[in-house]
Amino acid sequence: IEACKAALQVVWLRRILAAFGHHQKGPTPLGEDNRACILMSEASGQKDRVKHIDLRVWSLKEKVAEGVVRLHAVATNYMPADIFTKALPQPAFERHRAVLQGLARPPPMLPVVPL
């Protein structure tokens, strides 16, 4: 669900940038630590197995198919957003804080293995 919300924010930001004359040529990379979410967003079939998934998630699948966003795997240990959602040990907290403050490089994007 959160990746879907992030994709909708990406669409909104791309529209704002386009209004200012800055059109993006490729998909916007979106980091995700849930491998099942990445695979489900890129899968063309398997509708019988995921019927229970909320309809909002299907919009993420559409945005990936349209080339608006591309989900990339990010290891859970390197997900800076965890600082807002989890109690972290001090080294992880300090690493994420430095990334969010712009004092350290963000985590590398891992390649997504196609189905």
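This is a predicted model: local features need pLDDT of at least 70, side-chain atom pairs count only at pLDDT 80 or more; totals for chains, interfaces and linings use all residues.
## Overall make-up

The protein chain holds 5 helices and 2 strands, and when these elements are read from the N terminus on, they run in the order α-β-α-α-β-α-α. Of the 115 residues in the protein chain, 31% are buried, while the accessible surface comes to about 8100 Å², with 60% of that area belonging to carbon and sulfur atoms.

Among the contacts in the protein chain between residues at least 6 apart in sequence, 62% join residues that are at least 24 apart.

Helix H1 covers residues 2-19, and its 18 residues reach 26 Å from the first C-alpha to the last, which is close to the 26 Å expected at 1.5 Å a residue. The buried residues of H1 are Ala3, Cys4, Ala7, Val10, Val11 and Arg14. Because these buried residues fall within an arc of 105 degrees when seen down the axis of H1, they line one face of the helix. On the other side of H1, Glu2 and Ala19 are exposed, and just after the helix Gly21 takes a positive phi of about 90 degrees.

Which residues form a nonpolar patch on the surface? The patch is formed by Trp12, Leu13, Ile16 and Phe20, which together have about 440 Å² of accessible area. Ile16, one of these residues, is found in helix H1, and with a relative accessible area of 31% it is partly exposed.

## Salt bridges

Side chains of opposite charge can pair when their charged atoms come close. How many salt bridges does a search of the whole structure find? The search finds 3 of them, and each is described in turn below.

Glu2 is exposed, having a relative accessible area of 56%, whereas Lys5 counts as partly exposed at 42% relative accessibility.

A salt bridge also joins the side chains of Glu66 and Lys63, at 3.5 Å from N to O, and both residues lie in helix H3 (residues 55-66), where they are 3 residues apart, about one turn of the helix. Lys86 and Asp82 form another salt bridge, in which the closest N and O atoms are 3.6 Å apart. Lys86 counts as partly exposed at 42% relative accessibility, but Asp82 counts as buried at 7%.

Is Lys63 buried or exposed? With a relative accessible area of 16%, Lys63 is under the 20% cut-off for a buried residue, and its place is in helix H3. Leaving aside the neighbours within four places in sequence, Lys63 is in contact with Val11, Val68 and Val69. Among these, Val11 is one of the buried residues of H1.

The C-alpha atoms of Lys63 and Ser41 are separated by 8.9 Å, although the two residues stand 22 residues apart along the chain.

## Helices H4 and H5

Helix H5 spans residues 90-100, and within this helix Ala92, His96, Ala98 and Val99 are buried. Seen down the axis of H5, these buried residues fall within an arc of 160 degrees, so they line one face of the helix. What covers the buried residues of H5 includes helix H4 (82-85). After H5 comes Gly102, whose phi is positive, near 80 degrees.

Asp82 is found in helix H4, and this residue, already named as a partner of Lys86 in a salt bridge, counts as buried at 7% relative accessibility. Leaving aside the neighbours within four places in sequence, which residues are in contact with Asp82? They are Thr76, Leu88 and His96, and of these His96 is one of the buried residues in helix H5.

Technical notes: Residues are numbered from 1 along each chain as its sequence is written. Side-chain values use heavy atoms; hydrogens and water are left out. Helices (H or I, at least four residues) and strands (E, at least two) are DSSP runs, numbered from the N terminus. Buried means under 20% relative accessible area, exposed over 50%, partly exposed in between (1.4 Å probe, protein chains only). Contact means heavy atoms within 4.5 Å. Accessible areas come from the Shrake-Rupley method with a 1.4 Å probe; for residues, only the protein chains shown count as cover. The expected span of a helix is 1.5 Å times one less than its number of residues. The arc is that of the directions from the helix axis to the C-beta atoms. Patches are made of residues with over 30% relative accessible area and no salt bridge: like charges are joined within 9 Å, nonpolar side chains (Val, Leu, Ile, Met, Phe, Trp, Tyr) within 5 Å. A salt bridge is a side-chain nitrogen of Lys or Arg within 4 Å of a carboxyl oxygen of Asp or Glu.
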